Amino acid sequence: MNRGYSWLVLGLSLPAFIWLVPTLWMVSLSFQPNDVLARTTSSTAFGLVPVPFTAENYADLFTFGQTPWWFLNSLIVSLGMTLGVLAVSTTAGYALARLDFPFKRTVIAVCLVGLMVPEQAVFIPLYTMFADFGWHNSYHALILPRMAVPIGVFLMLQFFRAIPRDIEEAARLDGVGWLRIFWYIMLPLARPAMMTLAILTFLYAWNDYLWPLVSAQQREYFTITLGLASIQSNFAQSEGLGRVMASGVIASLPVVILFLIFQRYVVQAMTAGGSKG
Amino acid sequence: MRERRPRQLSQRQAALLLLIPFLATYVLFLVYPFFRGVWISLHDWNLLAVAFNPDAKDFVGLRNYERVMWGSNIEWGFAAPLWQGLGLIGLALTAFLHRTGRVSRFNAIAMGVVSLLLVVLPGFHPGEGGRWYDRRFWPTVGNTMLFVGLTVPGVTISALLLAAGMNRETRAMGILRTLFFLSQVLSVTVVTLIWQIMFSPRQGLIANITEVAGGTPINWLTDQQFAMAAIVIATIWWSLGIAMILFLAGLQDISSEIYEAAALDNARGPRAFWFITLPNLRRTITLVVVLQIILHFQVFGQSHLMTQGGPNDTTQVLVRYIYQTGFRDSELGRASAMAVFLFVIMGAFSVVQFIIGREKDE
């Protein structure tokens, strides 16, 4: 390692620290007492160090407000959506990549067009549809629309296409059926791609804001992302800054942990998801 | 052996069985809603009225589009010399660059179309005694474009410089990348929560630092001059990560031999960046820019939560206007017309993205 490299690391550390500051500040504020925060937010080192320290804000989350409940909703919706997307994407992706059937090219083209439709362009008709069915304020209303987005199908399709054909052909010669090949041979091979898709979907589900905002009007069906939006507008008056920040930390914990453990997959997923992520 | 084997599905039957779950959700929750959206946009459709009486909607043809995008006595002329002049310069530049063979045909067409739109679109304005039917629509589109126009270059340039600096596989660089990418996984409501308080003139970190430095804190979110800048800063902070990672992936494809050869010619550091890195990353840069335009044109949360579109509508953006028209004013017909407008713009950029992606595969 030469001197130029050391300077480079040093020079990049400053912007990296600045990048970290807002997150750090949120965490630090969440560990300070509300009555202190009402007076000043810069007690120690501009408030970046939580002195005076308290963990009360986190304890309060369980006694006041609905944060734990919203957290649970987010968990149910995100896991449900992830399972749903995995189920429809792996099956359709395999069929489109490996099986022969009439109008296959047409089906692929039709699905490709769907990639162009942003959520924001269909949320009004979806709203009226779900209202007609009486589906709003339910978990399936929050889960189902995302299952229709074809990005996962194309992720899986690309992956299945890259698997060598001889594995499949050997199984065919032994008289194994298509569905068994899919279930016992292809799915286990597809684990890395499924992991990427699962993380992409989970992140999307956890962080989605617009659809829950129109679909879930009752506070019992808020996701944590939506719940956090509903308490931040009046944070100063009613809730106390420290407690709102603690909610923010709790809301970020699953995705940040996911990111730190599966960093490689998360980066892959977000790159693959691109605009749709 | 043969007799004991269970009956098997033919390839077609298996394909059908595997495709049905996805195709059913796709048709039901994406294809059908899309066309239903177009259909709603052709009606005078009040959310509450239709909810009580499904027949309380009138077919009005394209009137909603007219009411949103058009006005009375609209004329065309050189009403916005700045933008239109820029468009004319763009057209001339495109012609020149194409003649001298410095840009590919595809890029020339893209530049030409953008320039032409710049000349044509800002030229429309209400003539004497005329007015736009919806005074807020075009300014909202303008704000959205301004937001995109500030965010995309901001993200692209900083991500590019950072990626070029971090293009080494060492532990320190790995940690730095993680730090820059971390904010990317946060939800929009966490981002707005953090930055709302960061920008607060009384409690904000920025105000606290300004005060210590002896300055007067700015009321970022309620000052017309700074509100847009504030949501742009928050957005750049939030979404730098993906762009950085895409650039790092692109940088991996440039062989180190080119740099070594250039170093012999004394091209290092900034010179190497300018003459080797940039030209070799051209396609990645285009891809990143297009991806970001699509992503940021759909901005909603930052404006909705940080500034509520204000002050004085300066941060009102298209998706928020659609949301308000539909769910606050209950005017689903007009809101759907705007959503179709959004789709057309997004669709155009998606096609560009698709073409670039294709080129890359070949």
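1. Within chain A of this predicted model, confidence is lowest in helix H14 (residues 235–239) of chain A, where the mean pLDDT is 57, and highest in helix H4 (residues 67–98) of chain A, where it is 95. Taken over the chain, the mean pLDDT of chain A is 89, with 96% of its residues at 70 or more.

2. The contact between the two chains draws on 95 residues from chain A and 91 residues from chain B. About 8,200 Å² is buried between chain A and chain B, and carbon and sulfur atoms give 78% of that area.

3. On the side of chain A that touches chain B, helix H1 (residues 3–30) of chain A gives the most, with 14 residues. By class, that side of chain A comprises 72 nonpolar, 19 polar and 4 charged residues.

4. Over all chains, the whole structure holds 35 aromatic pairs. One of them joins B:Trp70 and B:Phe124 edge-to-face, at 5.8 Å centre to centre and with 65° between the planes. This pair links distant parts of the chain, 54 residues apart: B:Trp70 sits in the loop between helix H3 (63–69) and strand E3 (71–76) of chain B, whereas B:Phe124 belongs to strand E4 (residues 124–132) of chain B.

Conventions. Residues are numbered from 1 along each chain as its sequence is written. Chains are lettered from A and ligands numbered from 1 in the order in which they are written. This is a predicted model: local features need pLDDT of at least 70, side-chain atom pairs count only at pLDDT 80 or more; totals for chains, interfaces and linings use all residues. Side-chain values use heavy atoms; hydrogens and water are left out. Contact means heavy atoms within 4.5 Å. Buried area is the accessible area (1.4 Å probe) that two parts lose on being put together, summed over both. Helices (H or I, at least four residues) and strands (E, at least two) are DSSP runs, numbered from the N terminus. Ala, Val, Leu, Ile, Met, Phe, Trp, Tyr, Cys and Pro count as nonpolar, Asp, Glu, Lys and Arg as charged, and the others, Gly among them, as polar. pLDDT is the predictor's confidence in each residue, from 0 to 100. Rings of Phe, Tyr and Trp (its six-membered ring) pair if their centres lie within 6.5 Å; planes under 30 degrees apart count as stacked, over 60 as edge-to-face and the rest as tilted.
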